Amino acid sequence: MYRVIIADDEPWAVYRIRNLIAWESMNCEIVGTAGDGLSALEMIREKQPDILFSDIRMPGLDGLQLIREMKTISPHTLVILISGYSDFSYAQEALRQGVFDYLVKPVRKNDLTAVLEQAARRLSELRSPWEEHDLFFSLFDSEHPRSAASLFTAFDCKTLLPRCCLITAVYDQALEGPLMRLKQDTLVGRENQDTPALPTLSLRTGIKQMSILLQPDQTFSCADSLTAVSGIGNPLYVGVSMISPADTDFALLLRQSKIALLTAAARRSREPVFYSPDIPMQSEQILAQFSTALRSNDQAALTALIDRVEESAETFQMDVLLDITNRMTGLLCEYRYGGYEALEMHHWQQLTPENPIELLISPLRAAILQQKNTPDLPPTQFRQILNVIETDYMHEIRLTDVAKRFYLSANYLSILIKRETGLTFSELLIQKRIALARKLLAETNLPIQDIMEQVGYKDYSCFIKLFKKHTGYTPYAYRKVTESP
């Protein structure tokens, strides 16, 4: 809602303006009133209103003096002067100073409604796409965490409850529309239809992915989460974070909901999955048995344990599976077993809903089957492979696709790439994509989400995390530091 202050030394004038219309219906909230110019100035300093209604003639500071002083402490505030007919010359001077509009006393309802509609349009224009863009991408900056409640506050939401949760869904087609959108009147997550509607905030967190921040009550259910995401499109998989205090870091809620989403994708479940922090005891047993099998070089036992992990997707959440497979990777590297050279650790942000289990399990299975002595590939053929990667890295390219093109096994190709370049296939792609992203950020004015897509990423949080890891900056900060003075 837009914040409004009314400043007038005549109480009847303040009362009339305050009660002339239903302010909420105009997406406005009166955050204070003042009877003189000095009190109004202090209130403006504290409240930072979007709109100020001010009488021209007031004690302390008159309306014109107030406008001049206010420009240094709240330059974004739109000023609407209230004047009598005898003050018309003052009103003309105020308009020359950049006042938005003026109303003549006694203020009429139609005039007040019309000027508020015009002010709302102007404020909407002033809150530029870049301002929203900066707010959106700041959510993925781990050094400056933002709470869920602060997002609602940034959109001037009046109603705030002590609890929140985040629902993330992936859809069958690319999503359009703004990066962030506030909906004021949702009943999702409310106990019954008679309870007051509450705002929800939709965030387009991927090309085909939407996250919805809401404030649920005690009866929030699986059906509520489906209702929240079904109005946007056809959701393939849905993940729901834990219901948490409103001051919880948004990044934590996003991680929880995305892991729950990946869990739903691994299970091919059309029902929403709710995130749970529990770690099953079986995970430690599996890892202990895996270590024992490595020491005894028992390939059959190793393969059986990997099969067991793959089957555990029906009961384990994706962060547990990720922890198990990463620790298996560490053990294979420790024992220098099979095709360990091609292995790498994974982060949850690297996983995609298309086939998250395959990304984790296939390299482990291939590493166990791989012979230690791998034949060499002719240099000319390896250069051809690198040329394919160089040409296609900004598209969706997989190791298995490149291997098939050259009639090689994926694991064999992975080991060759690591041996010849010092990088894994994934590291090579990341290096090239980040290099192109840096070039586009420095040399073009393309929006960051367009650059992300051009270099081959679909998920905002993954792109920002990788970019910051390799450059030390978020994409937005990198663009700022490379801008010409």
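By a salt bridge I mean a side-chain nitrogen of Lys or Arg within 4 Å of a carboxyl oxygen of Asp or Glu. With that in hand, let me turn to the structure, which is a predicted model.

By this rule, the count is 14 salt bridges. Some of these contacts join up: Asp8, Glu10, Asp55 and Lys105 are linked in a network of salt bridges. Within it, lysine 105 pairs with glutamate 10, and the closest N and O atoms are 2.7 Å apart. This pair links distant parts of the chain, 95 residues apart. Lysine 105 is in the loop between strand 5 (101-104) and helix 5 (109-126), while glutamate 10 is in the loop between strand 1 (2-7) and helix 1 (11-20). Are these two residues buried or exposed? Lysine 105 has 16% relative accessibility and therefore counts as buried. Glutamate 10, at 29%, counts as partly exposed.

The side chains of arginine 327 and aspartate 323 meet at 3.3 Å, N to O. Both residues belong to helix 12 (residues 318-334), and they lie 4 residues apart, about one turn of the helix. Arginine 327 is partly exposed, with a relative accessible area of 35%, and aspartate 323 is likewise partly exposed at 36%.

Aspartate 392 and arginine 405 form a salt bridge at 4.0 Å, N to O. Aspartate 392 lies in helix 14 (residues 379-392) and arginine 405 in helix 15 (residues 399-405), so the pair ties together parts 13 residues apart in sequence. Aspartate 392 is partly exposed at 24%, whereas arginine 405 is exposed at 53%.

I now move to the aromatic residues. A search of the whole structure finds 5 aromatic pairs. One of them, phenylalanine 463 with phenylalanine 467, is tilted, with 6.0 Å centre to centre and 50 degrees between the planes. These two phenylalanines are 4 residues apart in helix 19 (residues 460-471), which means a separation of about one helical turn.

Which residues make up the cluster linked by ring pairs? They are Tyr457, Phe463, Phe467, Tyr473 and Tyr478. Finally, the charged end of arginine 433 sits over the ring of tyrosine 457, 5.0 Å from its centre.

Note on methods: Residues are numbered from 1 along each chain as its sequence is written. This is a predicted model: local features need pLDDT of at least 70, side-chain atom pairs count only at pLDDT 80 or more; totals for chains, interfaces and linings use all residues. Side-chain values use heavy atoms; hydrogens and water are left out. Buried means under 20% relative accessible area, exposed over 50%, partly exposed in between (1.4 Å probe, protein chains only). Rings of Phe, Tyr and Trp (its six-membered ring) pair if their centres lie within 6.5 Å; planes under 30 degrees apart count as stacked, over 60 as edge-to-face and the rest as tilted. A charge sits over a ring if NZ of Lys or CZ of Arg is within 6 Å of the ring centre and within 35 degrees of the ring normal.
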